[in-house]
Amino acid sequence: MLKTALAREAARLIKSGMIVGLGSGTTIREFVRVLAELDPPDVLLVPTSIDTEMAAIEAGLGDALRPLWAVDRIDIAVDGADEVTQEKVLLKGRGGAMLREKVVDYAAGTLVILVEGRKLVKHIPERNPVPIEVVPWAWRHVARAVEVKYGGTARLRRDSAKLGPVITDNGNFILDWHPASPVNAALEDELKLIPGVVESGIFSKRRDATILVAGEDGRVYAL
Ligand code: 5RP
């Protein structure tokens with residue numbers, strides 16, 4: 001399985017004593033499972049979502065968990081992504097965890113991103129909307145502002161398992177924005193100038209990240 005190959009490769013980078021940021025998503029769940037097999041995984045773990053926290057507890061790593069405020073650094077962060085360009089601009093947030101992911105990924109000494117080859121794209125977004133986390137009270141105002149200024153459509157992400165909008169781990173809503181054309185990296189900062197925007201899924205500031213890609217044959221290479 002490709003996610004397992006990626007997780008094993010990333011686990012080789014984890015050394016005793018490290019403080020490790022854990023991203024979110026199914027690839028990171030697999031990384032957590034593989035990490036739990038290390039003997040002993042003498043590390044501290046900072047999860048970026050309730051989902052990852054639960055995965056770590058279920059894998060037996062609960063004692064190693066720390067909130068971000070309880071550590072003074074992140075040595076390495078391991079995360080997934082939805083789309084990655086050759087220039088190492090990432091689109092994230094299909095799982096809705098991009099705010100905490102960005103805080104941890106940008107703070108990390110080393111950032112490692114795990115993706116399957118199908119996620120490599122020319123421009124973002126190619127197949128996914130650009131997620132924008134917003135203060136709930138402001139959601140419609142922000143959606144309108146994004147559409148008027150940048151075009152496309154911005155829809156409130158709704159929850160398929162309950163009535164109403166998806167609520168993030170931070171108590172916010174998410175807009176899924178389908179721009180009319182590819183976005184450029186500068187939009188990461190520009191979107192945040194709209195009052196009510198908390199964070200977006202555009203990650204353009206870690207061009208130094210190590211991107212580990214799993215090809216269809218299961219071989220893992222660095223972009
Ligand atoms: C969550 C994310 C995830 O990293 C991204 O959606 C990739 O997830 P998966 O590993 O399940 O494909 O950004 O907010």
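## A tilted aromatic pair

At 22% relative accessibility, Tyr-150 counts as partly exposed (buried means under 20% relative accessible area, exposed over 50%, partly exposed in between, with a 1.4 Å probe and protein chains only). Trp-177 counts as buried, at 1% relative accessibility. The rings of Tyr-150 and Trp-177 have centres 6.1 Å apart and planes at 55 degrees, so the pair is tilted. Rings of Phe, Tyr and Trp (its six-membered ring) pair if their centres lie within 6.5 Å; planes under 30 degrees apart count as stacked, over 60 as edge-to-face and the rest as tilted. Tyr-150 lies in helix α5 (residues 139-150) and Trp-177 in strand β10 (residues 173-178), so the pair ties together parts 27 residues apart in sequence. Helices (H or I, at least four residues) and strands (E, at least two) are DSSP runs, numbered from the N terminus.

## About the model

This is a predicted model, in which local features need pLDDT of at least 70 and side-chain atom pairs count only at pLDDT 80 or more, while totals for chains, interfaces and linings use all residues. Residues are numbered from 1 along each chain as its sequence is written, and side-chain values use heavy atoms, with hydrogens and water left out.

## Around Phe-203

A search of the whole structure finds 2 aromatic pairs. One of them joins Tyr-106 and Phe-203 edge-to-face, at 5.8 Å centre to centre and 75 degrees between the planes. Tyr-106 belongs to helix α4 (residues 98-107) and Phe-203 to strand β12 (residues 202-203), 97 residues apart. Phe-203 is buried, with a relative accessible area of 1%, and Tyr-106 is partly exposed at 25%.

Two lysines also involve this ring. The charged end of Lys-92 sits over the ring of Phe-203, 5.6 Å from its centre (NZ of Lys or CZ of Arg within 6 Å of the ring centre and within 35 degrees of the ring normal). Lys-102 lies over the face of Phe-203, at 4.8 Å from the ring centre.

## The open sheet

An open sheet of 6 strands runs in the order β2-β1-β3-β6-β13-β14, with mixed pairing. Two strands pair if DSSP finds at least two bridges between them. The edge strands, β2 and β14 (220-222), each pair on one side only. β1 and strand β3 (residues 76-80) pair in the parallel sense over 3 bridges, and Leu-22 stands opposite Val-78 in β3.

## Helix α3

In helix α3 (residues 50-58), the buried residues are Thr-52, Ala-55 and Ala-56. These buried residues pack against β1 (19-22), α2 (26-36) and β2 (44-47), where contact means heavy atoms within 4.5 Å. After α3 comes Gly-60, whose phi is positive, near 90 degrees.
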